[in-house]
Amino acid sequence: MFNNLSERLSESLKKISGRGRLTEDNIKDTLREVRMALLEADVALPVVREFVKAVKERAVGEDVGKSLTPGQVFVKIVQGELEKAMGEKNEDLNLAAQPPAVVLMAGLQGAGKTTSVGKLAKFLKEKKKKSVLVVSADVYRPAAIKQLETLAAEVDVEFFPSSIEQKPIDIVNGAIDHAKRKFFDVLLVDTAGRLAVDEAMMTEIKDLHAAINPIETLFVVDAMTGQDAANTAKSFNEALPLTGIILTKADGDARGGAALSIRHITGKPIKFIGMGEKIDALEPFHPERIASRILGMGDVLSLVEEIESKIDREKAEKVAKKVMKGKGFDLEDFRDQLSQMQNMGGMSSLMDKMPGMGKIPDAVKNQVNDKEFLRMEAIINSMTRKERQYPDLIKGSRKRRIAAGSGTQVQDVNRLLKQFMQMQKMMKKMKGGGLMKMMRGMGGGMGGAMGGKMPGGFPRLK
Ligand SMILES: Nc1nc2c(ncn2[C@@H]2O[C@H](COP(=O)(O)OP(=O)(O)O)[C@@H](O)[C@H]2O)c(=O)[nH]1
Ligand SMILES: [Mg+2]
């Protein structure tokens, strides 16, 4: 998603890394490239202007702390402004109405309204545990009504029948009555596609809106249309008070202009984003997640922050000092580091935030994680103090004893020792800094360079 924008931005942002400080001068070129990248992604001009201005103001004079490079600070600022442009945080669907909560869909033909009704029905049913009724007020194409009926069957929600001989208002009033009688929580109303300039059609939907008084009126719009999406949303909103947007077709090669312009141009939040033709390809719109996806880096920055905040600095420094003094990094230190990693939420939580890891199925992630940590700790706990300090002692019979004591196999003990040795080697190489330094190094590796920087102590993917 937003591949071009993503590539352009990370390209230009990389150039700033390694410089000493952020000044008006050294960010000038990068800012120009950011501006070009946004324009090429078809972001509306007023949005681009404001964006670049805000980034510049925040960047110049920003205190680059000890822990982050200027490049990282700049990326953070850009990320913050991307989020702001898209609305800062997810806005949930408002269903706080006397049931049924009526949700009206509007938009151009082919925008994805009918598909989105099906997706939303599935989402509300499965994720929000709502009982959902759907109805089509598209009386211009019999096929459209049939399409919704098929989708409803697919997601197993009730479909309220309608026909092209009926008036939209009568259809929806009938559906509301039915929903009340059968205690449905939500009624999703599909409508025919229309243009904002088509007065007769706009009057039709305005009258429908007035008659059924929906709690949500969602404008469904195709992300491929770039900033035009924002402009059509704006003209619709002038006739029909919208409460939110569903941005469809953000998969494929949508350029990002729609996502970044809509909020600014219409003042309305994007509530959902359609990511494909499949019925489950609908996600609540989270500006912060989309921003990091646009920057092509998973959630690296929040990962860096999390590590900075959760790591036990004192312990890390102690290990560092020990290593610097020439005393070896031993298995007790290794155990401390393992438990620190667990404090950070364990492997699965860390992995979720790494670039490229989003695609790995949960089942696989769960294998690497925290059970492995616990096993490693158990093995170390089964050693004597002396063995922990002098791992070279651990040979055949000791290995068997440790394996038996920790409920593992000798090969597990071997694996742990190997991982420990890798870690020890790494510690020697770095001569101090320890985990802190290693973790810090991870943040610098934008664009998925993290793999190479994983400390040897991490359990590997099996
Ligand atoms: N790739 C992709 N296609 C979509 C998405 N949403 C809808 N479509 C496709 O867009 C076309 C029009 O969708 P439809 O729901 O019939 O549009 P409507 O005229 O607004 O009701 C169909 O081929 C859908 O499969 C999406 O999020 N991603
Ligand atoms: Mg339709």
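Good morning. A helix, as the word is used in this talk, is a DSSP run of at least four residues, and helices are numbered from the N terminus. The structure before us is a predicted model.

I begin with Lys 53, which has its place in helix H3, a helix covering residues 45–59. Is Lys 53 buried or exposed? Its relative accessible area is 56%, and because exposed means over 50%, Lys 53 counts as exposed. In sequence, Lys 53 stands 18 residues apart from Arg 35, while the C-alpha to C-alpha separation of the two in space is 10.0 Å.

Next, the surface. Met 36, Leu 39 and Leu 45 together make a nonpolar surface patch of about 220 Å². One of these residues, Met 36, belongs to helix H2, residues 24–40. With a relative accessible area of 38%, Met 36 is partly exposed.

In general terms, empty space is found by rolling a probe the size of a water molecule over the atoms. The second largest pocket of this model has a volume of about 260 Å³. It is lined by 16 residues, and those closest to its centre are Tyr 390, Pro 391, Asp 392, Phe 420 and Gln 424. Which helix gives the most to this lining? The answer is helix H20, residues 410–430, with six residues. Sorted by class, the lining of the second largest pocket holds seven nonpolar, five charged and four polar residues.

Definitions and conventions
Residues numbered from 1 in each chain as written. Chains lettered and ligands numbered in written order. Predicted model: local features only at pLDDT ≥ 70, side-chain atom pairs only at ≥ 80, totals over all residues. Heavy atoms only, no water. 1 Å grid on protein atoms, 1.4 Å probe; cavity = no way out; pocket = protein on both sides within 12 Å on 5 of 7 lines; lining within 4 Å. Points joined across faces, edges and corners; volume = space filled by probe spheres on them. Helix = DSSP H or I, 4+ residues; strand = E, 2+ residues; numbered from the N terminus. Nonpolar A, V, L, I, M, F, W, Y, C, P; charged D, E, K, R; others polar. Patch = residues over 30% accessible without salt bridge, like charges linked within 9 Å, V, L, I, M, F, W, Y side chains within 5 Å. Areas by Shrake-Rupley, 256 points an atom, 1.4 Å probe, with all protein chains shown as cover. Salt bridge = Lys/Arg side-chain N within 4 Å of Asp/Glu carboxyl O. Buried < 20%, exposed > 50% of the residue type's maximum accessible area, 1.4 Å probe, protein only.
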